Amino acid sequence: MSSFAPSSKRSKVAQGTNKNGDAEFFPGIGKIPFKPSAGPTEALCFKHYNAQEVVMGRTMEDWCRFSVCYWHTFRGTGADPFGFPTLDRPWEDGTDSMENAKRRLRVAFEFFEKLGVKFWCYHDRDIAPAGETMEETNRNLEEITDLAFELMNKTGVKLLWATSNFFAHPRFMNGAFTNPDAHVVACAGAQLKKGLDMAKKLGALNYVFWGGREGFHTLLNTDVKLELTNMANFFKMAIAYKKKIGFTGTFLIEPKPKEPAKHQYDYDAMTVIAFLRTYGLENEFKINVEPNHTTLAGHCYEHDVVMASAYGMLGSVDSNTGSPDLGWDTDQFPMDVKNTTLVMKTILKQGGIQPGGLNFDCKVRRESTDVADMFISHIGAMDTFARGLKNAARIIEEGVLDDYVTDRYSSFRSGIGKKIAEGTSSLEEMEAYVQKHGEPELKSGKQEYLEGVLNHYV
């Protein structure tokens, strides 16, 4: 930290001990209860999320599969491009030591247990500090994942997905697997190899590839075709190693249109699907959608969730939101019930999102400095998704929206429409049809009516 950074004047919260004599990092906060009768100012309780409540034949816990991300929740400092860190956590000692990393991991698992989530996610460099050499870095990761393995077995919390940080180190300033320097690409491959080893060790259900710097700032120095081909070849090597070591997790690609690169190759869900099909990778990957990224691409919140699901490619959701008026990736907790309703409607209709889940890739605002805010933010988002789940179930069960869509496309179930849908018609046949039947009768799309129907449920 710069010498000009203000020192924290907040008092540290004393570390306590629980009834088993173990360290307790959130004294005064117990297991978050379900309390539907709670008033508006009661924040440390669920008012809508009841893990064991059954919705459409399955529990809320099973439909939602909530996960906490390690990087924002336990590595976030509140710093932004215009300000110093504001989140002074009482368990942090200001070092990047293994001792601090291990303590931080114990903090995380206490948080998971008290919040009542069954999954977590991490980047390799979040949980273990980098060393001076690759060998030292790998030893650190081995040691930390030994502790993670112990804590996972103790608590029953599973690793929803792991990933590698291919964007923070200076070597990756021009990307990792699309870098113009083969030596850098080799470094990425070496890091991924270790990351997959650790994912297998911890029983990760998925492995995510986020191309934070896989793209370009200018085409004046970029060979687009070579970079995309190298990325495909990198993924093919990952597939080969995955099969070699017997890692059974699903590979996921997370789209983002820009930031930090001016243009990123994984722009949105359809761009990723086109890339995978172009290089014959569509059977090896699914998509991890982050709605904040979707809105950065100029789409509505649920767009990429719906598009990925339509093609059988929706694997997981990084459940956050942004502020469209700001225009950058703010990673806020999702608190809009209409948004969560539309996401959960898609998840319900595809039969669930397993082995993926709803991962809160979110960070508390830099002004939310209390430790309790870590819980309050997750509780609020989980309640918002619980409301969305129940709304979506009603929408599907009552069928008003689905019935309208079915009726709107009814002309494709018989006659010329059925032949068009099956790909058996021809331009000559369509010409003859129009000559016989003349101009079509225009029908209303009823957008405002359907928006009112949605508002009825939300």
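Reader: By class, how many nonpolar, polar and charged residues does the lining of the second largest cavity have?
Author: The model is predicted. In it, the second largest cavity holds about 70 Å³ of space. Its lining includes Leu87, Phe333, Lys363 and Ser377. Sorted by class, that lining has five nonpolar, five polar and two charged residues.

Reader: Which helix gives the most to the lining of the second largest cavity?
Author: The elements that give two or more residues to this lining are helix 2 (70-75) and helix 12 (372-398). With three residues, the one that gives the most is helix 12.

Reader: Which elements give two or more residues to the lining of the largest cavity?
Author: The search of the whole structure finds four cavities of 30 Å³ or more, and the largest has a volume of about 100 Å³. Of the 13 residues that line the largest cavity, Met231, Phe235, Ile253, Asp266 and Phe275 are the closest to its centre. The elements that give two or more residues to this lining are helix 7 (224-245) and helix 8 (269-278).

Reader: How many residues apart in sequence are the parts that Arg366 and Asp80 tie together?
Author: Side chains of opposite charge can pair when their charged atoms come close. The side chains of Arg366 and Asp80 meet in a salt bridge, at 3.5 Å from N to O. Arg366 lies in the loop between strand 14 (358-360) and helix 12, and Asp80 in the loop between helix 2 and helix 3 (98-115), so the parts tied together are apart in sequence by 286 residues.

Reader: Is Asp124 buried or exposed?
Author: Asp124 and Arg125 meet through their side chains in a salt bridge, with an N to O distance of 3.6 Å. Arg125 counts as partly exposed, at 24% relative accessibility. The cut-off for buried is under 20% relative accessible area. Asp124 has a relative accessible area of 1%, so Asp124 is buried.

Reader: In which helices do Lys349 and Asp402 lie?
Author: Lys349 forms a salt bridge with Asp402, and the closest N and O atoms are 3.0 Å apart. At 48% relative accessibility Lys349 counts as partly exposed, whereas Asp402 is buried, with a relative accessible area of 18%. The pair ties together parts that are 53 residues apart in sequence, because Lys349 lies in helix 11 (residues 337-349) and Asp402 in helix 13 (residues 400-408).

Reader: Which residues do salt bridges that share partners join into one network?
Author: The count of salt bridges comes to 21. Salt bridges that share partners join four side chains' residues into one network: Glu142, Asp146, Lys194 and Lys201.

Terms used. Residues are numbered from 1 along each chain as its sequence is written. This is a predicted model: local features need pLDDT of at least 70, side-chain atom pairs count only at pLDDT 80 or more; totals for chains, interfaces and linings use all residues. Side-chain values use heavy atoms; hydrogens and water are left out. On a 1 Å grid over the protein atoms alone, a cavity is a set of points where a 1.4 Å probe fits but cannot get out, and a pocket is an open set with protein on both sides within 12 Å along at least five of seven lines; lining residues have an atom within 4 Å of a point. Grid points are joined across faces, edges and corners, and a volume is the space filled by probe spheres set on the points. Helices (H or I, at least four residues) and strands (E, at least two) are DSSP runs, numbered from the N terminus. Ala, Val, Leu, Ile, Met, Phe, Trp, Tyr, Cys and Pro count as nonpolar, Asp, Glu, Lys and Arg as charged, and the others, Gly among them, as polar. Buried means under 20% relative accessible area, exposed over 50%, partly exposed in between (1.4 Å probe, protein chains only).
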